[in-house]
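Please read them with the structure open beside the text.

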Amino acid sequence: MADETQVVVATGADVAHGAESGLVFHPMDQFLVKPIFGQAGDPVFWYTPTNVTLWLGLSVLAIFALMVLTTSRRSVIPSRGQSVAELSYGFIYKMVEDITGKEGLKYFPYIMTLFMFIVSANFLGLLPTAFTTTSHIAVTAVLGFAVFFAVTILGFVLNGFGFLGLFWVSSAPLALRPILAVIELISYFVRPVSHSIRLAGNMMAGHAVIKVFAAFAAVTAVAPVSVAAIAAIYGLEVLVCFIQAYVFTILTCVYLKDALHPAH
Amino acid sequence: MEGELAQMGQFIGAGLTAFGMGGAAIGVGNVAGNYLAGALRNPSAAAGQTATLFIGIAFAEALGIFSFLVALLLMFAV
């Protein structure tokens, strides 16, 4: 009896990994960093061109194609590409202006760069067999910590030690302020962590879910359901890709606003 | 045996972090539901608050993602 349950459990796991049919893959296999040239098991050094390098480069090329090529022959009646470029510019410009105010517009190029990079990396990652660069914490942590350090340094440069007023909630009762200061301090230092893990976690989880359903497509009985589920989750992922880039950008704006106006 | 027990604990712990997902779901649902309730009462004010909506969702979701992080740490780092 005990052996039987053992067998059932084993086949369940094997089916999930597609071992029963020809489709053998693990849902997390898509996140492996592999060198482009040479064998799969080759060591990866910092200078090795890997699939991460390839897709990071491709996302930069995609931004170039969207923002430079489509606007090179611009016209009063915009082409489709030109409209997308202009819409994304106006969208981010308005967001920065709404949240940080007029003085935040000086930092608009940085925020626009962040948004375009993340959104194009996310969308390129949705192509079948593509590698999602933003699903790696190594990539998003660089972006997140860059924002964190930039905002902290900017806050001290612009406000001097007045920037510490961010942690001293002057609208609260005096007795509560030290406790609030500790909480504010913790939440300030958690920012880069949550900022980067939110993006990486969302990307990784969504793509892993698609792969899990893809493995179930090998089982004939549930194949139609799982193919439909893949289509549905793919649609959701298109939405999530944009929303996560938007959230990353909007949080950057919020942090920037704190640096510009630290007083509570 | 001791290694197996530790591994079992790892898997159980990683599975338990799925409860964090439920918490994040409640949080995100609260934010979006209250936004919708407010937006239906005063539709003209709704457009100006979409940024706040997304910031609220992002903060509520971050805690769910921390539980995902705990699962990842249990599975691959411990």
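**Notes on chains A and B**

1. In chain A, Leu66(A), Met67(A), Thr70(A) and Thr71(A) of helix α2(A) meet Gly81(A), Gln82(A), Val84(A) and Ala85(A) of helix α3(A), where contact is taken to be C-beta atoms, placed from the backbone, within 7 Å of each other. The residues of this contact divide into 4 nonpolar, 4 polar and no charged, with Ala, Val, Leu, Ile, Met, Phe, Trp, Tyr, Cys and Pro counted as nonpolar, Asp, Glu, Lys and Arg as charged, and the others, Gly among them, as polar.

2. This is a predicted model, in which local features need pLDDT of at least 70 and side-chain atom pairs count only at pLDDT 80 or more, while totals for chains, interfaces and linings use all residues. Residues are numbered from 1 along each chain as its sequence is written, and chains are lettered from A and ligands numbered from 1 in the order in which they are written.

3. Helix α2 (residues 51–72) and helix α3 (residues 80–100) of chain A pack at an angle of about 130°, and their axes are 8 Å apart; axes are lines fitted to C-alpha atoms, for helices over the stretch in contact, and angles run from 0 to 180 degrees between N-to-C directions. α2(A) and α3(A) are therefore oblique to each other, since angles under 35 degrees count as roughly parallel, over 145 as roughly antiparallel, 65 to 115 as roughly perpendicular and the rest as oblique.

4. Chain A as a whole has 7 helices and 0 strands, these being DSSP runs (H or I, at least four residues, for helices; E, at least two, for strands) numbered from the N terminus. Its C-alpha atoms fill a box of roughly 70 × 60 × 40 Å along the principal axes.

5. The contact between the chains takes 13 residues from chain A and 9 residues from chain B. On the side of chain A that touches chain B, the elements giving two or more residues are α3, α6 (177–216) and α7 (223–260), and the residues of that side divide into 9 nonpolar, 2 polar and 2 charged.

6. For chain B, UniProt places the feature "transmembrane region" (unreviewed entry) at residues 12–33 and 53–77, bearing in mind that such annotations may be inferred rather than shown by experiment. In the model, residues 12–33 of chain B are 95% helix and 0% strand, with end C-alpha atoms 33 Å apart, whereas residues 53–77 of chain B are 100% helix and 0% strand, with end C-alpha atoms 34 Å apart.

Note on methods: Two residues are in contact if their C-beta atoms, placed from the backbone, lie within 7 Å.
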